[in-house]
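Subject: Structure handover

Hello,

Here is the structure for you to look over. My notes follow below it.

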Amino acid sequence: MFRNYFKIAFRSLWNNKGYTTLNVAGLALGMACSFLAALWAYDELTYDQFHENIGSIYQVNRNSERDGQIFVSQNTPYPLANGLRQNFPDVKYACRVDQDDARLLAAGEKKVYRKAVFADPDFLNIFTFTLTEGAANSALSDPRSVVLSQQTAEALFGEENAVGRIIRFNNEVDVKVTGVLAGIPTNSTFQFDCLFPYSLKAVMDPWFLKLDDVWDNNVVRTYIQLQPNVTAAKAEAKIVNFLTTRDETVKQTLMLHAMPDWHLRNTFENGKIAGGLIDYIRIFLWIAGFVLLIACINFMNLATARSEKRAKEVGIRKTIGSSRTRLILHFLGESNLLAFMAFALAVLLIHVLLPWFNGLTDKSIQVPFANPVYWLIGLGIALATGMAAGLYPAFYLSSFQPVRVLKGTVRLGKNAGIPRKLLVGLQFTISILLIISVVVISKQLDYTKDRSVGYDRNNLIMADFTEELKQNEEVLRNELLNSGYVHAVSATQAPMTEIRNTNGVGYGGDKEIGLVTVCSDYKYLKTFGIRLKAGRDFSREFITDSSAALLNESAVKEMNLTDPIGEQIEYGGKTYHVVGVIEDVLMDSPYAQVRPTGVFLKKESRNIINIRFRDGVNRQEALASTKAIVEGLAPAYPFAYQFVDEEYAKKFATEERIGSLINAFALLTIFISCLGLFGLAAYTAERRTKEIGVRKVLGANLSSIVIMLSREYVYLIGIASLVASPIAWYFLHNWLQNYIYRIEIPGWAFFFSGLLAITIALLTVSFQSLKAALMNPVKSLRSE
């Protein structure tokens, strides 16, 4: 019986190649998009899942209150990890982590720049990073040791065993290789090439030894692993006020952020988790579901539109004894055959589209073809799609009465097309909703990109300020300025695009504020193009400027200073006096408020050299000149640099990728909708062939016939636009509340989206409308 059903279904589909092609293409695209979306979502949702103890690993964040709001910071004091380990038995392991910039590694004549991480020995106890060489429990016990990634070890030593070999780090200290890491998964929070013990920092600079009991200098990130059966709530209740118990002047609290939430839920509002990437993942999965739903709607619409052609088939089958149940099974068999054909095509499409998709998402996703679970899930989705798409047509077609059908023509009545119209309306409601979303998301991203950052990012590079360059600072500065390419030079403690230091700063006698602290030199404002709002810049003309400081507008507001010039502030055990107020400078997230910041004239803490080129110079020539000067003064270091504007642009990478994904899937949604609309228009025109012929005989012109055939689609899409607009406004308005700096949803977006949908629909149906309108009425009426 089932073999017979299969044969009949296959013949029916083969005899209607246009119908089959439209359905298979639509379903295949829908399935392929859904599978790709599922693979992307799975990669995001399994971030850090390879760590064996993920359920008991937490990052310790620091909360501070400002303007009645609680702000969360990942930067914590140097001694926090040791303090938690020693004072709280619930803490099994604790470590400090400092993710550094690319640093120079040298082994003989081979020199490479690699991304470095400094961490305490417990790092390899907390996190599951497998070593192919060396022992994890002792790899970081020696201050002069390093664990290399497999790629870095091969770059320095080729195929030779790396453990026990000596490398020169940053041309400052020799370290021994004590381990080689296996490959780090791409969906890992920590991405690094070399791992150093934190104690190496004190070997390189004894100043770090002074920080072991300094609780107001926040520059490291702290991670802990709790003992078995200890809950986060229990542990957090014990450690929440630990900073205050260690230093009464520190009015801040601690909170625990679970490892599964680091990647997915890392947006905070008033000290509480308020979402993050998980919101985008949900949106994207909904869109992928809509794509598949629209493909299913296409199938239902085309199947019911063909009902008149299949009515006699149903009538004859019922007359010779076929029951309704068997007819339902037969039609469901057809729909499932189509679904499995679409699944096969979808697998091929995934294979073809995956490189493009990985480029779009900046991923390295691979399809697990060898995993039977993947095939079971895929075939299950294909079966579910076939059943969902075919259920309504099967029940609809099998309901025809054979007596009425075999009289010659099925009289479906004026309401028979209502379900079809509702489904078309639903398709375009979803399409218009997505078009509005694409417009609003793009506008919000552009608005954030155009937000004033308080400094000029153009023609600005940054590089490591090495010890050799520090020793020849004046020579370096003079040679760069005399080259004709450089406008200004300044050295800072950290890159302009990052916040690495937040510290407690005293003022007003007994008051304290947590400031982002920037250590720099006399040319800080000139190099970055930062504007003064009050007072003056650092100047060599004033002897007292060796203890001078600048505050940004947010700091002045937070400190409630009516006349900040001359204000005495305490930082790092030294008294500074405020000489100027600068415009707020955005260094952290472009979606967040500018934090209170202090700039201190403190030359000994600078690690980054910032070079601004003159406007209009040839960039390649300027870089070549700068490289020659820098490498001439520090020949041991290959010149490595980053453009500040490019580093700033990376802050938008996630949102841009998500936006590109939504754009791509919105286009696919519209395309699949148009596939179905094209097929539906073809069958509508075919069904009304004789009516069109009569109208032409009676004098109807081409335009009136095209309008007649297209009018109902315009009405449907107009209604869809009216339905989609308030829904889109509601969800997008709520989404925009996650941003401090946000746009107002433009009214034209709704009108534009509706008009675009109508235009696309008219272009889609116009071919069939014109074809029908141009047909010779003699051909359609010759049988009458």
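Which residues are buried in helix 20? Ala622, Leu623, Ser625, Thr626, Ile629, Val630 and Leu633 are. Buried means under 20% relative accessible area, exposed over 50%, and partly exposed in between, with a 1.4 Å probe and protein chains only. Helices (H or I, at least four residues) and strands (E, at least two) are DSSP runs, numbered from the N terminus.

Two notes on the source. This is a predicted model: local features need pLDDT of at least 70, side-chain atom pairs count only at pLDDT 80 or more, and totals for chains, interfaces and linings use all residues. Residues are numbered from 1 along each chain as its sequence is written, and side-chain values use heavy atoms, leaving out hydrogens and water.

Back to helix 20. Exposed residues Gln620, Ala628 and Gly632 are on the face turned away from the buried side. The cover over the buried residues includes strand 15 (460-464), helix 17 (473-482) and strand 24 (608-613). At the start of helix 20, a side-chain oxygen of Asn618 comes to within 3.1 Å of the backbone nitrogen of Gln620.

Next, the cores. A nonpolar core is a set of buried Ala, Val, Leu, Ile, Met, Phe, Trp, Tyr and Cys residues joined through side-chain atoms within 4.5 Å. The largest has 107 residues, and Met31, Trp40, Tyr455, Ile530 and Phe665 have the most contacts inside it. A second, separate core has 27 residues, including Tyr78 and Phe118.

Asn187 is worth a look. This residue is in the loop between strand 9 (173-181) and strand 10 (194-197). Asn187 counts as buried because its relative accessible area is 11%. Its side chain makes a polar contact of 3.3 Å with that of Thr46. A polar contact is a pair of N or O atoms within 3.5 Å; within protein, one must be able to donate a hydrogen and the other to accept it, and residues adjacent in sequence count only if both atoms are side-chain atoms.

Last, the rings. Rings of Phe, Tyr and Trp (its six-membered ring) pair if their centres lie within 6.5 Å; planes under 30 degrees apart count as stacked, over 60 as edge-to-face and the rest as tilted. That gives 40 aromatic pairs. Phe123 and Phe129 are stacked, 5.7 Å centre to centre with 5° between the planes. Both are buried.

Best wishes

Definitions and conventions: Contact = heavy atoms within 4.5 Å.
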